[in-house]
Amino acid sequence: MIKRIKMRTLLIGGCITLFFLVLVTRIFFIQVVNGGVWQERAAGLVEREQTIKAARGTITDRNGNILATDSPAYTVSVNPLLINELGIQDVVTEKLSSLLGKNESEMRALVTAKKEDGKFYQQREVRSEGYKISPELAEKVNELREELQEEYKARNAIVMAQESKRFYPEETLASHLLGYMSRDGKAVNGLEVSYDEALTGTDGYLNYQKDAKGIKLPDSQDNYLPPQNGKNLTLTIDDTIQFYIEDAMKEAVAKYNPLSMTVIAADPNTMEILGMANWPTFNPNTYGSTPDQKNFINHATQSIYEPGSTFKIVTLAGAVEEKLFDPNASFESKRMYIGGFPISDNGHAYGWISYLEGVKRSSNIAFVNLGYNMLGGERLRHYIDEFGFGKKTGIDLPNEAASPIKPLVYKSEIATAAYGHGLVQVTPIQQVAAISAIANGGKLLEPHLVKEIKNPNDGTTEVIKPKVVRQVISKESSKLVSGYLEQVVADQTIGTGRNAYIEGYRVAGKTGTARKVVNGAYSKSKDVVSFIGFAPVNNPKIAILVVIDQPDGTNIGGGTAAAPVFKKIVSQTLQYMGIPKDTAKTPDKKSKEVSVVQAKAPDLSGKTAKQARSQLLSAGIAYVTLGQGDNVIRQYPVAGASMNPGQRIYLLTEESSKMKIPDLTGESLRDALEVLSLMKVGVTVKGEGYVVKQTEQVAGEQRTVQLNLQTAKAAVTGIADEAPISSDPSSEAEVKEQEPSGGEGKTDGTDETDETDETDETDNNKASANESESSDDPATNGASLP
């Protein structure tokens with residue numbers, strides 16, 4: 001008996017010992033051998049990693065107005081499992097389809113969607129109508145969810161997830177420059193593509209410990225990596241100038257119904273692009289509804305065409321630089337043959353005229369003499385290359401086009417190239433760079449659209465400086481060519497650019513009309529008309545090219561259709577910039593007394609900054625916003641006050657005295673004092689007339705601005721005012737201003753001239769193009785705008 005008990009005890013003890021050995025061995029393998037694997041699995045059950053999305057960089061104009069930014073968006077999903085359990089398929093299908101504009105049959109397929117095993121899905125996104133919808137539409141979807149909750153206790157039958165999407169508050173404004181972001185978050189076209197790497201941030205994450213319900217544990221050991229938001233771009237674009245451009249284009253499109261139209265405005269001294277627009281256009285917020293893919297083409301950088309007579313500026317500049325151009329020398333304007341190729345001036349013979357008159361009339365014979373007979377093929381090609389034609393300009397936009405210019409071999413090729421036909425093929429941006437070189441003293445500059453790149457993560461800023469490509473012509477030649485091109489506009493009798501004349505401003509420019517090539521031959525009815533120029537001649541602030549492809553009508557040349565567009569944009573822009581008019585009488589125009597109707601300042605108090613801006617732009621009134629507030633608190637001039645032509649309205653949106661002081665350059669003393677008084681800033685004044693320089697000083701909490709002034713004459717001509725003669729050596733034109741004093745008004749007396757001789761240049765080019773078909777010496781035809 002005892003022996004049996006001992007045997008049982010040993011057996012049980014052995015089993016227990018064996019069990020513990022197995023258990024210990026198992027624990028050893030779990031904790032030591034496979035410890036890392038099980039630790040990762042355990043961490044997966046208690047740890048959670050949450051991605052923190054980085055914000056894409058904001059794009060603003062040069063004044064800080066937002067052109068592209070991230071905004072809240074919502075993605076709608078349905079819960080087929082819950083919907084079918086409650087039997088509300090019909091209700092959800094009908095009402096959600098109506099809200100999102102989705103086909104009911106497609107919606108029903110979503111709300112009844114099943115897995116392969118036959119079970120209903122718990123979540124299905126409503127693509128694409130419910131993907132990244134606006135907050136306004138999301139609010140309506142939320143109302144539907146509340147209805148479902150109240151009637152069926154089924155709020156979660158519809159689920160919304162908050163995300164973000166790219167938003168363009170100005171809609172079509174500058175759309176070709178900006179490009180857009182697809183719904184999948186990919187950059188498409190424009191600066192969104194060019195600067196995608198800089199604009200795109202790096203996502204961060206938060207790793208923390210949670211309980212079974214997903215709630216963060218109080219003693220969680222967090223691992224946090226903050227997101228690096230994308231860099232912000234400040235453009236060279238001024239959205240007010242951009243508005244002027246697009247507004248003038250709308251008028252021209254309505255009048256001439258062209259195939260397309262392009263306008264580029266630049267600061268010729270830096271090649272900062274101030275505005276660039278194309279028609280037809282698109283809205284980047286609703287790019288999917290754009291009716292034609294051609295609307296996305298940025299003709300300013302992607303289209304190639306024969307320029308026609310606007311290209312004559314290159315031939316003229318080369319002849320002046322080589323000291324071959326004598327404005328008083330004469331030539332005979334009559335039909336001539338070069339290599340069997342007939343060339344004429346409108347089929348007319350003006351007889352013996354001076355070369356300056358030939359420039360004013362845009363005489364093909366004059367420019368063939370200059371380019372073919374005087375410069376010759378080798379030197380003409382040299383200046384074509386020096387001005388940058390045939391190569392990309394390097395502008396910071398994707399897909400820039402350039403048409404390499406073939407060697408000028410045949411005589412007719414040299415002759416036609418001299419006046420912008422045949423082998424010469426250009427893009428609009430190349431032409432703007434070329435005219436800017438003539439305006440700025442002979443320097444070819446690289447055009448650019450981004451002024452600053454700001455890193456919000458560390459506060460650093462990269463400033464994009466102007467880049468000189470090369471010196472094309474001398475400063476002296478630049479001044480001479482500018483003067484000759486001014487005569488094209490100023491001469492109101494024979495100047496082909498006379499419709500670009502602006503009373504009070506010196507304007508230089510050149511018209512162009514080129515026949516398009518269709519099916520390998522010059523068309524007899526399809527033209528590309530253009531005008532290129534800059535102003536003021538003595539101190540250029542803006543250079544503009546206007547290109548209109550296939551305007552409707554007969555005898556529609558660059559002087560008829562494009563020059564008035566140039567005039568309107570430049571008139572508004574120079575006044576917006578505060579460039580005072582030269583009040584001296586112009587010898588080429590008869591003096592007329594023009595009564596100026598003074599506009600009244602609108603009442604903008606209490607309106608949102610966006611509403612005020614929209615109203616002012618529509619009225620053609622320049623403005624400056626002071627502060628970062630959402631609503632207008634005060635304004636200057638006050639509501640109902642008479643405004644001088646070109647005077648700006650200042651909108652105060654904050655009470656803070658620490659607001660950034662605006663650029664007051666070009667303002668009269670009175671206006672500058674009123675604005676600074678609104679901001680509670682002290683003022684010292686040196687000189688008289690208009691503000692040309694301002695210097696800010698800070699003493700404690702008090703800010704003071706010193707204003708340096710010049711008279712209108714000095715500001716326009718660039719010649720410094722003479723120092724006043726005074727018997728008192730202590731009398732200095734520097735005073736402490738306590739209260740606003742009377743300022744100086746500005747007048748606008750634009751004198752329009754009837755169009756009596758608009759067909760000269762148009763017919764010249766048409767005649768040459770038509771006659772070229774009989775040439776024995778082949779000349780390469782050009783491509784047209786798409």
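Which residue lies over the face of Tyr121, and how far is it from the ring centre?

Analyst: Arg124 does, at 4.3 Å from the ring centre of Tyr121. A second case is Arg127, whose charged end sits over the ring of Tyr131, 3.7 Å from its centre. The test asks for NZ of Lys or CZ of Arg within 6 Å of the ring centre and within 35 degrees of the ring normal.

The model is predicted, so local features need pLDDT of at least 70 and side-chain atom pairs count only at pLDDT 80 or more, while totals for chains, interfaces and linings use all residues. Numbering starts from 1 along each chain as its sequence is written, and side-chain values use heavy atoms, without hydrogens or water.

Now the ring pairs. A search of the whole structure gives 10 aromatic pairs (Phe, Tyr or six-membered Trp ring centres within 6.5 Å; planes under 30 degrees apart are stacked, over 60 edge-to-face, the rest tilted). Among them, Phe325 and Tyr355 are edge-to-face, with 6.4 Å between centres and 70° between planes. Phe325 belongs to the loop between α12 (312-321) and β13 (330-333), and Tyr355 to helix α13 (residues 355-361), so this pair ties together parts 30 residues apart in sequence. Helices (H or I, at least four residues) and strands (E, at least two) are DSSP runs, numbered from the N terminus. Phe325 is buried, at a relative accessible area of 10%. Tyr355 is buried too, at 7%. Buried means under 20% relative accessible area with a 1.4 Å probe, protein chains only.

Tyr355 also pairs with Phe331: tilted, 4.7 Å centre to centre, 40° between the planes. Phe331 is in strand β13 and Tyr355 in helix α13, so this contact joins parts 24 residues apart in sequence. Phe331 is buried, like Tyr355. Elsewhere, Tyr180, Phe282, Tyr287 and Phe296 make up one aromatic cluster.

Last, the sheet. Five strands form an open sheet, in the order β12-β11-β23-β22-β21, with antiparallel pairing (at least two DSSP bridges between two strands). Its edges are β12 (272-279) and β21 (508-518), each pairing on one side only. Seven bridges link β11 (residues 260-267) to β12, and the two run antiparallel. There, Ala265 stands opposite Gly275 in β12. Helix α10 (residues 239-256) packs on the sheet, touching β11 and β12 (heavy atoms within 4.5 Å). The direction of α10 makes about 30° with that of β12.

Conventions: Axes are lines fitted to C-alpha atoms, for helices over the stretch in contact, and angles run from 0 to 180 degrees between N-to-C directions. Buried means under 20% relative accessible area, exposed over 50%, partly exposed in between (1.4 Å probe, protein chains only).
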